[in-house]
Amino acid sequence: MSLLGKAGHAPAAHESGFAAHRAGVDRLLASYRAIPAGATVRLAKKTSNLFRARAASNAPGLDVSGLTKVIAVDPEAKTADVAGMTTYEDLVAATLPYGLAPTVVPQLKTITLGGAVTGLGIESTSFRTGLPHEAVLEMDVLTGAGELITATPDNEYADLFRGFPNSYGTLGYTVRLKIELETVQPYVALRHVRFHDLRALESTLDRIVTERSYEGERVDYLDGVVFSAEESYLTLGRQTDEPGPVADYTGMDIYYRSIQHDDATPRRDRLTIHDYLWRWDTDWFWCSRAFGTQNPRIRRFWPKRYRRSSFYWKLVALDRKYRIGDRLEARKGNPPRERVVQDIEVPIERTADFVEWFLREIPIEPLWLCPLRLRHHGADAADGRAWPLYPLEPNRTYVNVGFWSAVPTVVGQRDGAANRAIERTVTEFDGHKSLYSDAYYDQDEFAALYGGSTYAELKKRYDPDQRLLDLYSKAVQRK
């Protein structure tokens, strides 16, 4: 049964949270009923962390204004009930006072929990805790058909529970999610280990994922950065309660630059758990350099409150709307640039192959690396979970490779030439690509990669009148 129907049994201290949530759900349902029959249903949401093209619309959308809060945290059970539009920034702020955090905290503060579950998410815990949707215990979903249902791994809506990840709001929208949390310590001790060879990095990464340690020291967080084929790093994090000085990368110092060093001895650093979780947000990984923010003369006068991914995203939106970058390139006599903003996963044994290919063919650096293993082991596991719309193999390690920039276009090449080449190579290497950005697959290949007949059956059951866009239309076709 949904908490919407049993909130009266919640602890008194949490009752106000559930009451406010029920009021938000009422507004959501009223807004759904107000949308004319036959009209496409969408969120009335001005912000997004998606990078693919979206058509402008003045049509009324779903009112999600009451679904942006953490409803309740249960520190004893290590769970939280969270409204679907709650940002990870707010979720972390609610859980850290209890010494708890979500099992996976995606890198950018304004990613929502519902967004990370329906659109996937990843971070440096994913080698041991999997992906955000694997921490979900149950979720209330407003389906395309307008029904409010509670899906769990083993109830009558278990097919939706399994098929919801990577559906990108094409089956419905999460209203509430109950998630597992994990205990965290106040600090994270870091080691940045340099590699001069990508094959050595790959083999070391594989060993750390298996052993969860390096040179006798526990590893709780694990990711990496590739600056070139001759300069790459793994960053190993260990939770600790040991007091001591900590670094601050929200000011003049820049986190990703702190990783680099020349000697063979790992560089050590320390951050508070809060600053570690948001270490990438201040400079949007390294993408803030496009706005000059990493220039010390500019950074000194750039207000701290605007050193965050949500503000940079607004600058990107302005560039896309007014084609500022293309106009500047045209003034220099250069062609427009192709946006290459993607995250892909390849099996760990193909990581060096892919990165070497990428560095040869696509002029973008640095690259982010993040290993992952499914926490639950698919349809054969005791809990019966499988994730058919993003079918990673159980008991297999993958590495996410992230790259976010633009490359010059070449006269005579097809639209999206670089992205198409990346898609082909990822498929050849038995990998997958996230769908938050531009995609160019044909319909048959897309179906084979992202759920096929399973998705069609889910769509027929939970959105029979096609009130929501289908996944191919939303992820690939330009609407």
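Reader: Why are helix α11 and helix α12 called oblique to each other?

Author: In this predicted model, helix α11 (residues 309–322) and helix α12 (residues 324–331) pack at an angle of about 60 degrees, with their axes 6 Å apart. Axes are lines fitted to C-alpha atoms, for helices over the stretch in contact, and angles run from 0 to 180 degrees between N-to-C directions. Angles under 35 degrees count as roughly parallel, over 145 as roughly antiparallel, 65 to 115 as roughly perpendicular and the rest as oblique; α11 and α12 are therefore oblique.

Reader: What makes the contact of α11 with α12?

Author: L318, D319 and Y322 of α11 and I324, G325 and R327 of α12 make the contact, which is defined by heavy atoms within 4.5 Å. These residues divide into three nonpolar, one polar and two charged. Here Ala, Val, Leu, Ile, Met, Phe, Trp, Tyr, Cys and Pro count as nonpolar, Asp, Glu, Lys and Arg as charged, and the others, Gly among them, as polar.

Reader: Which residues make the nonpolar surface patch?

Author: L318, Y322, I324 and L328 make this patch of about 370 Å², and α11 and α12 each supply at least two of its residues. Patch residues have over 30% relative accessible area and no salt bridge, with nonpolar side chains (Val, Leu, Ile, Met, Phe, Trp, Tyr) joined within 5 Å. Accessible areas come from the Shrake-Rupley method with a 1.4 Å probe.

Reader: What makes the pair of E182 and R128 a salt bridge?

Author: The term requires a side-chain nitrogen of Lys or Arg within 4 Å of a carboxyl oxygen of Asp or Glu. The closest N and O atoms of E182 and R128 are 2.9 Å apart, so the pair meets the definition. E182 lies in strand β6 (residues 172–183) and R128 in helix α5 (residues 126–129), 54 residues apart. Helices (H or I, at least four residues) and strands (E, at least two) are DSSP runs, numbered from the N terminus.

Reader: On what basis are residues numbered and values computed?

Author: Residues are numbered from 1 along each chain as its sequence is written, and side-chain values use heavy atoms, leaving out hydrogens and water. Local features need pLDDT of at least 70 and side-chain atom pairs count only at pLDDT 80 or more, while totals for chains, interfaces and linings use all residues.

Definitions and conventions:
Patches are made of residues with over 30% relative accessible area and no salt bridge: like charges are joined within 9 Å, nonpolar side chains (Val, Leu, Ile, Met, Phe, Trp, Tyr) within 5 Å.
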